[in-house]
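Reader: I would like to learn how to read the packing and the charged pairs of a protein model. Could you take me through them slowly, with the general idea before each case?

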Amino acid sequence: MATTYSSDLLRILSTRGYIHQMTDAAALDALAGREVVPGYIGFDATAPSLHVGSLVQIMMLRRMQQAGHRPIVVMGGGTTKVGDPSGKDESRRLLDDAGIAGNIASIRRVFERFLTFGDGPTDAVMIDNADWLDALDYIPFLRDVGRHFTINRMLSFDSVRLRLDREQPLTFLEFNYMILQAYDFLELSRRAACRLQLGGSDQWGNIVNGIELARRIDGAELFGLTTPLITTADGAKMGKTAAGAVWLNEDALGAWDYWQFWRNTDDRDVGRFLRLFTDLPLDEIARLEALEGAEINAAKKTLADAATAMCRGTQAAEAAAETARRTFEEGAGGEALPSLAVAGSIGIVDALVGLGLAASKGEARRLIKGGGARVAGERVQNDLQAIAVGAEPVRVSAGRRNHGLLTAA
């Protein structure tokens, strides 16, 4: 039986499928029902764009703001220099200050699509944890904060234990990450009256550490909430595709490819993804996920339209949808399709890889051998086939749904 909450915040998060674990749910529900709750999620700046695997966290901040609370986006300008060991088999490549600053500036553009920033009580703010982490003195930090952590407990956390079980090296630098993240929560409670940390299920231990640290040092009452691991119906990690990561920034991934990612959602995931990644009303989502057979494609298009409009803007979503209509219904190409400029001719294997329709030449050959590659609608029989490119673009397809255009250089 589903839990009934009195606050809009937990009711929204619960009915849309965001809640996995909470610390003291009753107290958090009461707090969210009587006052504005500032809550944060941290994002390390390891690349110029976040990918769709981070989207459920961004949407949780959006839900906070929709429920009348204050989202805090914490960029890990400090922790990016250390590296979160969670789920990793090897140490992260370390970036310099300029690289991290450039990544943060690029990532902010995406958050501005999902959140309203400003100075109001429920307006979002972006904070860089380098503001306090870079200023720490090592010995005082060890004395005042480090004494609250035991090696025994730190070794029990999945992020550490799994690395050690796989006999992968874990540097002392990374081992400090969980202490720094806990300290972030303490500093945010002091600087921004933050009461809630949200994150993925793999962050549960780090979140609890922060709550306990703030209680021991300041006597503060803080809360934590995690989301379930978002996987697709076939068990794959959300956002992992053969062509690579599904980036949120438009300069890292075109609107057509972003729209197409959502359009290709498994039938079994449509309802869940509509609840998590769009603002559509729940009754409309219930209607859409009840569609069967070929009609479920209408729900997938709605998901693709809504998710793309939120991240890339309405015009980009409409252009991608029109390209899809022309491609699938009229057999034509469209400007939003991925394209590759070719001087004269190109081999089919290189074309598939160059257009991002295959992740490698080996994958391209397997696609051709399985009958899944087409040029101008005709099935490719030979992986040595050359494609001549003249004045008119040539459409290359991988399966029924993924297409690209070869244009003259």
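Author: Let us begin with what covers a helix, where helices (H or I, at least four residues) are DSSP runs numbered from the N terminus, and where contact means heavy atoms within 4.5 Å. What covers the buried residues of α13 includes α3, α12 (255–263), α14 and α15 (296–312). Please keep in mind that this is a predicted model, in which local features need pLDDT of at least 70 and side-chain atom pairs count only at pLDDT 80 or more, while totals for chains, interfaces and linings use all residues. Residues are numbered from 1 along each chain as its sequence is written, and side-chain values use heavy atoms, with hydrogens and water left out.

Reader: Which residues of α13 are buried?

Author: A residue is called buried under 20% relative accessible area, exposed over 50%, and partly exposed in between, using a 1.4 Å probe and protein chains only. By that reading α13 is mostly covered, with six of its eight residues buried, and these are Val270, Gly271, Phe273, Leu274, Leu276 and Phe277.

Reader: How do I read the angle at which α13 and α14 cross?

Author: Axes are lines fitted to C-alpha atoms, for helices over the stretch in contact, and the angles run from 0 to 180 degrees between N-to-C directions. Angles under 35 degrees count as roughly parallel, over 145 as roughly antiparallel, 65 to 115 as roughly perpendicular and the rest as oblique. Here the axes of α13 (residues 270–277) and α14 (residues 282–289) come within 9 Å and cross at roughly 160°, which means that α13 is roughly antiparallel to α14. On the α13 side the contact involves Gly271, Leu274 and Arg275, which meet Leu282, Ile285, Leu288 and Glu289 in α14.

Reader: What classes of residue make up the contact of α13 with α14?

Author: In this scheme Ala, Val, Leu, Ile, Met, Phe, Trp, Tyr, Cys and Pro count as nonpolar, Asp, Glu, Lys and Arg as charged, and the others, Gly among them, as polar. The contact of α13 with α14 then has four nonpolar, one polar and two charged residues.

Reader: At what angle do α3 and α13 cross?

Author: Their axes come within 9 Å and cross at roughly 50°, so α3 is oblique to α13. Leu55, Val56, Met59 and Arg63 of α3 make this contact with Arg275, Leu276 and Phe277 of α13, and by class it has five nonpolar, no polar and two charged residues.

Reader: How many salt bridges does the structure hold?

Author: A salt bridge is a side-chain nitrogen of Lys or Arg within 4 Å of a carboxyl oxygen of Asp or Glu, and the structure holds 20 of them. One joins the side chains of Asp279 and Arg62, at 2.5 Å from N to O, and this pair links distant parts of the chain, 217 residues apart, with Asp279 in the loop between α13 and α14 and Arg62 in α3 (residues 55–66).

Reader: Is Arg62 buried or exposed?

Author: Arg62 counts as buried because its relative accessibility is 15%, whereas Asp279 is partly exposed, with a relative accessible area of 31%.

Reader: Where do Arg108 and Glu112 lie?

Author: Both lie in α4 (residues 97–114), four residues apart, about one turn of the helix, and the closest N and O atoms of their salt bridge are 2.9 Å apart. Arg108 is partly exposed at 29% relative accessibility, and Glu112 is partly exposed at 44%.

Methods
Helices (H or I, at least four residues) and strands (E, at least two) are DSSP runs, numbered from the N terminus.
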